[in-house]
Amino acid sequence: MVILITIFHGLVYAMLLYLVASGLTLVFGMMGVLNLAHAFFYMLGAYIGYSILLHTGNFWVALIVAPIVMGALGILVERYMLRYLHPFGHTYELLLTIGLQLVILEGVKWYWGTEPLIVSPPPILQASISILGAPYPVYRLFILFFSIALMLVLGWVMFKTRLGMVVRAAVDNPDMVSALGVNTPLVFAGVFGLGTALAAIAGVIAGPLLGIAPGMADAVGFDAFVVVVTGGLGSLLGAIVAAVMIGELQAFGVMFFPRLCLVLMFVLMAVVLSIRPQGLFGDRE
Amino acid sequence: MMKQTKINLTLFGILLALLVGAPYFVDEVPLRLMTEMCYMALFAVSLNLLLGFAGMLSFGHSAYFGVGAYTAAIAFLHIEGLGLIGGVLLGGLAALIAGAFFSLFLNRVSGTAFAMLTLAIMQICFSIALQWRSVTGGDDGLGGFDVPDLNMPLIGTIDMFETAHVYWFVLVVVSIMLFVTWYLMKTPMGRSIILLRESMSRAGFLGYQNTMTKFILFTYTALLAGVAGSLFTVFQQFVSTGAIDIFRSVDAILMTVIGGVGTFAGPILGAAAYLYLSDWLSDITARWQFFIGLLFIVLVMWYRGGIMGILTSLWLKISAGKKVKEAQGD
Amino acid sequence: MSEILKLDNIEHDFSGLKVLFGVNFHVLEGERHALIGPNGAGKTTVFNCITGELHPRKGQVLYKGNNIVGKRPFQITREGMARSFQITNLFFNLTVRENLQSAILSRLNRRFNVLKWISRMNDVNDEADKMLELLGLHEEADVQAGLLSYGQQRALEIGLTVSLKPEMILLDEPTAGMSKEETHHAVDLIRSLTEGISMVIIEHDMDVIFDLADRITVLQYGEVICSDISSEVRGNKRVREAYLGEEED
């Protein structure tokens with residue numbers, strides 16, 4: 001019974017990880033840049049969602065507006081900062097994201113304080129459902145199904161629409177796509193903004209589950225990196241598979257072998273990087 | 001020797017003289033800050049060998065700093081009669097071995113994968129430090145040991161309780177290691193390292209065995225970081241996971257970039273500037289890191305040469321201005 | 001004269017797409033051997049198989065009688081085989097002199113010398129100066145390689161390769177992107193620098209080929225269609241059809 005609950009917990013966390021990791025992996029596949037500040041956009045999204053919730057009293061408004069704000073921010077960062085640094089090489093792009101990490105983290109602490117913020121799920125989702133005799137919070141199920149729905153929409157757009165085809169082509173071979181007349185700068189900005197918006201969505205819905213605190217970026221951030229690296233840089237399929245793996249590993253780890261859990265994550269990442277740097281499903285570089 | 005090198009050496013000589021004399025005209029608190037600047041400068045220089053000279057960004061350099069720091073602390077705590085130099089050397093040696101070991105894995109990757117792997121390795125070391133309570137004290141850290149006196153045959157014993165004594169010891173050790181590194185980069189070994197950044201493929205086709213170069217590089221930079229960590233322990237008389245965490249790694253990156261990537265002196269200046277700034281700013285606001293972050297972004301975007309770059313271009317403008325004046329004067 | 005290089009049934013594919021179908025040819029000691037063929041014929045792949053960048057799926061590459069398949073590029077270079085690159089591959093941030101020093105230091109096996117500064121190694125610097133003169137880059141000695149003109153960079157590219165004093169040199173389209181005049185200059189430079197060194201050269205410029213080459217191997221669709229002395233290749237009907245024929249129209 002405990003096992004089943006743990007599996008569910010793992011899946012819920014996995015979906016959150018996927019929302020965060022999908023943007024990260026798309027951006028890396030397309031631009032070759034690993035956005036180290038990505039998890040901090042996730043956190044900023046959560047905080048902005050909190051403020052919106054405070055002002056409007058409506059969770060759903062927060063869930064819609066925060067990603068839009070963060071998406072716009074993402075587009076600005078890509079357009080005016082990353083793109084500017086691109087000719088100087090990946091190292092400087094990485095360094096910029098380190099700077100962004102610091103600024104966002106400290107900015108958040110400054111504006112919202114360092115104390116954790118408590119957010120409740122919206123009233124509709126506050127109940128518990130009985131699954132096989134045990135009570136399970138509806139909110140967690142919401143996260144699970146909402147994320148799956150979002151993932152399916154994302155998958156449909158990516159694999160069944162022309163827009164998605166263009167984006168996938170740009171992720172695979174930006175130079176070729178540009179030569180074919182596609183406005184690649186627009187695609188880059190758009191995908192970066194999309195990734196940031198997805199991270200913000202994850203932030204908003206994670207709030208009631210994990211709490212909102214300055215440390216939330218690190219907690220999810222490292223796991224998201226492990227997911228992206230293991231699944232394959234640039235691969236959405238790899239991201240979901242790895243997210244489930246890592247999510248379950250975390251869920252069972254926290255329950256049954258907490259001391260080993262942390263190290264295990266990084267050992268996994270180190271092993272993958274050493275043996276198969278492109279991850280399970282990736283094939284870039 | 002080239003003129004530029006002569007000028008550099010003279011300047012350094014003057015600087016060194018000032019630094020040696022510092023305890024006579026600087027108060028205790030700033031002197032402690034200067035001590036910190038010394039070993040952090042060594043740490044930053046070791047990172048810059050990877051980042052600026054070899055072109056590899058490492059997020060995990062604090063792993064070696066931490067290994068050195070913890071090893072020195074454990075040595076001072078448990079090994080009777082080891083002596084100050086013994087402890088520091090042991091710390092450096094432990095870090096060197098770690099560097100050699102991890103280079104087996106790091107050798108095979110480059111670019112972003114390399115950066116991520118260094119991160120993973122550091123996190124593994126951090127987790128071990130955090131959880132191996134019996135040895136490392138976990139998140140309580142290791143304290144309660146006395147740093148041994150410096151025993152110099154023929155000269156005498158110097159205790160490490162006075163700030164000035166610790167300062168001199170750290171200054172001497174750091175100066176020696178920095179000099180050795182500076183010398184090294186002008187030798188063919190240094191050139192082999194620089195070629196890693198320029199073009200690994202071309203170097204290979206010229207007969208350079210990059211795997212061996214990288215092994216030596218990773219091991220040597222780990223040694224330097226480990227010694228810096230040991231000095232940290234001597235100075236702080238205490239070690240905790242703060243010596244081996246991501247913040248320590250990021251500090252080194254911040255210092256190197258602020259000072260100027262790719263020059264030898266850059267990280268030294270960067271360490272001094274960063275530590276001075278954080279000391280000064282943290283008195284003004286608790287959110288001082290916000291401003292450091294902003295400064296960092298500004299430098300990365302527009303002043304990629306860091307402080308060294310700014311100083312160099314100022315110097316060029318001044319000397320160019322002089323030449324124009326000379327020409328006009330004719 | 002003995003064979004310094006022999007390719008024995010080299011086959012290679014990229015993820016299943018076969019590109020070399022059993023390539024055979026040999027290079028005699030001291031000769032200048034051209035490898036020609038239409039684009040996509042597999043010339044650069046052959047080069048990469050010889051220099052160790054690729055390990056061919058099948059076949060042997062016999063250098064001085066020994067099979068070097070499986071060896072890493074630096075090992076093959078140390079055995080006396082040096083290559084230049086079609087896309088200029090220099091140390092762009094280093095000066096011209098520093099580029100040449102790097103090659104000379106490697107040849108003298110001083111790569112890991114930690115005792116003496118490069119600037120104080122008179123033998124290395126004298127040799128670099130001589131090469132600078134030969135390359136016509138004396139004025140640009142302390143200029144960063146990335147700031148040179150294209151022709152100067154190509155000259156340095158060859159200079160680097162020759163500084164290794166190899167027994168065998170492989171030139172990959174050395175005159176790519178050059179004007180007629182630059183090409184003439186480059187060929188003179190190549191000829192003077194590579195006296196007596198065995199050479200394999202990939203080229204598209206037929207004037208260069210017939211000017212320099214003793215023997216020619218013609219590659220088409222991953223197969224050797226002719227490998228013979230220049231005059232014979234000129235007259236070969238298959239070759240004319242496949243390659244030269246297009247040019248004469």
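Mentor: A residue is buried if 20 or more other C-beta atoms lie within 10 Å of its own, exposed if 12 or fewer, and partly exposed in between; C-beta atoms are placed from the backbone. This model is predicted: local features need pLDDT of at least 70, side-chain atom pairs count only at pLDDT 80 or more, and totals for chains, interfaces and linings use all residues. Residues are numbered from 1 along each chain as its sequence is written, while chains are lettered from A and ligands numbered from 1 in the order in which they are written.

Trainee: Is G37(C) buried or exposed?
Mentor: Start with its place: the loop between β3 (32-36) and α1 (43-51) of chain C. Helices (H or I, at least four residues) and strands (E, at least two) are DSSP runs, numbered from the N terminus. Now count: 24 other C-beta atoms lie within 10 Å of G37(C), so this residue is buried.

Trainee: How much of chain C counts as buried?
Mentor: Chain C has 249 residues. The share that counts as buried is 42%.

Trainee: What is the radius of gyration of chain C?
Mentor: The radius of gyration is taken over C-alpha atoms, and the globule rule is 2.2 Å times the number of residues to the power 0.38. With 249 residues, a compact globule would have a value near 18 Å. Chain C agrees with that, because its own value is 19 Å.

Trainee: Which are the edge strands of the 4-stranded open sheet in chain C?
Mentor: Two strands pair if DSSP finds at least two bridges between them. The order is β2-β1-β4-β5, with antiparallel pairing. An edge strand pairs on one side only, and here these are β2 (17-28) and β5 (66-67) of chain C.

Trainee: Which residue stands opposite L62(C) in β5(C)?
Mentor: Strand β4 (residues 58-63) of chain C pairs with β5(C) in the antiparallel sense over 2 bridges. Opposite L62(C) stands N67(C).

Trainee: How are neighbouring strands turned in the open sheet of 6 strands?
Mentor: This sheet of chain C has mixed pairing and the order β6-β7-β8-β3-β9-β10. Its edge strands are β6 (81-83) and β10 (223-229). Axes are lines fitted to C-alpha atoms, for helices over the stretch in contact, and angles run from 0 to 180 degrees between N-to-C directions. Direction ignored, neighbouring strands are turned against each other on average by 15°.

Trainee: How many bridges join β9(C) to β10(C)?
Mentor: Strand β9 (residues 215-220) and β10(C) run antiparallel. T217(C) stands opposite S227(C) in β10(C). The bridges number 6.

Trainee: Which part of chain C gives the largest share of the side that touches chain B?
Mentor: Two residues are in contact if their C-beta atoms lie within 7 Å. By that rule, 28 residues of chain C are in contact with 19 residues of chain B. α2 (73-78) and α3 (96-107) of chain C each supply at least two residues of that side. The largest share, 5 residues, comes from α3(C).
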